[in-house]
Amino acid sequence: MTKTRRGPIRAAVPLIPAAALAGLAVLVTGCGADADRDGDGRPESAGRAALAADAGTGATPDKARIAENVKSALEVRISTGEGRFGSGTHSPCASSSPKVFTEECGEAADYTREAARFALDEIDGRSGFATLGTTARKLDKAAATYRDLGCARNPAAADARKACLDPAAVVAQGFSDLRDGANLGLAGK
C-alpha cells in the first residue's frame, strides 16, 4: 500500500472556498463596522457599498455584478420584513387575515413601501431592471393607497373596506414580488 503525503498547499485548498463563503456571508448580511452606518437600525446597502468601492477605483462593474449586488442588498430587507410581518397568506395584509384592517397591516405596508423605495433607489439610472422597477412602483403605490384610504384604522363602511382589499393584497405579496423582480434583474429583465 502506498502512502501519499498531503503537502501544506494541497491541504489548504479546501479552505479557500470556505473563506470565500465566509467573506460573502459578511457582505450579504451587512455584518461589520459599516453594517448600520446610518445608525437607524436598518442594514446598510451591501450593493451600494460595493458599487461605491468600484466607483472609487474607477472600475466599471459588469451588469451581472451590479444585479447581484442589488439583489443581495434588497434580500436583506426582504428577509427582515418577512421575518417580522410574514408574506403572502401569512401577511397581516392578506385579504383573508383578520388583521387586514389593523395597524399591524399598516406597519407591514410602511415597511414594504420602504423596501420598494429602496429597490427604486438602487436601480435608478440602471438598465436591466424593468421587472423590479415595475414591481417596486406598483408596491409603492399600493402601500400609499392603503395608508391614504385609512385602511389601518378599521373603516366601518363596506365600500371603504372593499377599496382597501386590493392594495392590501398587493402589499401582502410584496416581498415575494420584489424578490422575483430582483431575480429577474440577474437575467437583465
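These legends walk you through a few close-up views of a predicted model. Because it is predicted, local features need pLDDT of at least 70 and side-chain atom pairs count only at pLDDT 80 or more, while totals for chains, interfaces and linings use all residues. Residues are numbered from 1 along each chain as its sequence is written, and side-chain values use heavy atoms, with hydrogens and water left out.

**View 1. The protein chain has 8 helices and 0 strands.** Read along the sequence, the pattern is simply α-α-α-α-α-α-α-α. Helices (H or I, at least four residues) and strands (E, at least two) are DSSP runs, numbered from the N terminus. Of the 189 residues in the chain, 39% are buried (under 20% relative accessible area, with a 1.4 Å probe and protein chains only).

**View 2. Here is the largest nonpolar core, with 36 residues.** A core like this is a set of buried Ala, Val, Leu, Ile, Met, Phe, Trp, Tyr and Cys residues joined through side-chain atoms within 4.5 Å. Leu74, Cys93, Phe129, Leu132, Tyr146 and Leu178 touch the most other members. Helices α4, α5, α6 (130-148), α7 and α8 (174-186) each give two or more residues, and α5 provides the largest share, 10 residues. In soluble globular proteins, nonpolar side chains tend to be buried together.

**View 3. Phe85 and Tyr111 form a tilted aromatic pair.** Their centres are 6.0 Å apart, with 50° between the planes. Rings of Phe, Tyr and Trp (its six-membered ring) pair if their centres lie within 6.5 Å; planes under 30 degrees apart are stacked, over 60 edge-to-face, and the rest tilted. Phe85 lies in helix α4 (residues 63-85) and Tyr111 in helix α5, so the pair ties together parts 26 residues apart in sequence. Both Phe85 and Tyr111 are buried. Ring pairs also bring in Phe175, making a cluster with Phe85 and Tyr111.

**View 4. Two arginines sit over rings.** The charged end of Arg77 is 4.0 Å from the centre of the Phe118 ring, and Arg161 lies over the face of Phe101, at 3.9 Å from the ring centre. To count, CZ of Arg (or NZ of Lys) must be within 6 Å of the ring centre and within 35 degrees of the ring normal.

Notes:
Buried < 20%, exposed > 50% of the residue type's maximum accessible area, 1.4 Å probe, protein only.
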